[in-house]
Amino acid sequence: MSNEPITLTAGDAEVTVLPGNGGRVGGLRVGGVELLRQGERFGCFPMVPWCGRIRDGRFRDGATVHQMPLNSPPHAIHGTARDGAWRTARTGPREAVLTHDLADPWPYPGRVTQAFALTEDTLTITMAVETYESSFPAQIGWHPWFNRNLGGADVRIGFEAAWQEERGDDHLPTGNRVAPRPGPWDDCFGMPGGVDVTLTWPEQLELRVTSPEEWVVVYDEQAEAVCVEPQTGPPDGLNTRPRLVTPLEPLEARTVWSWRRL
């Protein structure tokens, strides 16, 4: 099937999915109001086969060290799938399924499947990485850019985390866990009971980002947008907390965005 843009609708909610631009969500409109920052590099893109930064772009798998391109020098950031085209496997009025085959510079063959399901007040996104050949470490996550302002007061970010990954000068976790600190943030937080972050645009809309996963990066250092990024491990996780994809066991993750008017 083609990689043309896909539009999903349910009630007054409308989602645009862009297979040809990294399998990202290009837009989420509720009652005609766009919630995601617009632009080729924004919306909400999948982070796979890793999330955030890899220190110096290098990760080890057994005795082998792999070097990824330094697309955020001196590190590699946000995986490779957001830079490639995805294929539309299935689409309907409220759902779509995309696939992407991992390829160079990623050193292992594998397939990523991403599914989108829209209702009148939720968007559920699931992703899975599978292989039929050699096993490899991987991560899954999403990087949404939510508009800071929808025409009223700026958004408020609310969450309770068990810990914050201490961030070094290189923007990577030091390995120490500290009590959550006030923002502004470009930081990873631990939520053992699952990610649960609420964005509130006062007197307009409340949106919850949830996931069964344990880690979330919150980024609010940009004037135009804020990011809430559920993921299967912390930044540099290919080195510190790798999750193994095997022929018998894919890596799977899910995030749900739910909203209500205020």
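Which side chains meet in a salt bridge with an N to O distance of 3.8 Å, one of them being that of Arg-243? The views below are of a predicted model, in which local features need pLDDT of at least 70 and side-chain atom pairs count only at pLDDT 80 or more, while totals for chains, interfaces and linings use all residues. Residues are numbered from 1 along each chain as its sequence is written, and side-chain values use heavy atoms, with hydrogens and water left out.

**View 1. The salt bridge of Arg-243 and Glu-213.** The partner of Arg-243 is Glu-213, a salt bridge being a side-chain nitrogen of Lys or Arg within 4 Å of a carboxyl oxygen of Asp or Glu. Arg-243 lies in strand S24 (residues 243–245) and Glu-213 in the loop between strand S21 (205–211) and strand S22 (215–219), so the pair ties together parts 30 residues apart in sequence; strands (E, at least two residues) and helices (H or I, at least four) are DSSP runs, numbered from the N terminus.

View 2. Leu-199 counts as buried at 0% relative accessibility, where buried means under 20% relative accessible area, exposed over 50% and partly exposed in between (1.4 Å probe, protein chains only). Leaving aside residues up to four places away in sequence, Leu-199 touches residues including Phe-146, Ile-157 and Val-228, contact meaning heavy atoms within 4.5 Å.

**View 3. The hairpin of S17 and S18.** Five residues separate the two strands, and His-171 in the turn has a positive phi of about 70 degrees.

Key:
Two strands pair if DSSP finds at least two bridges between them.
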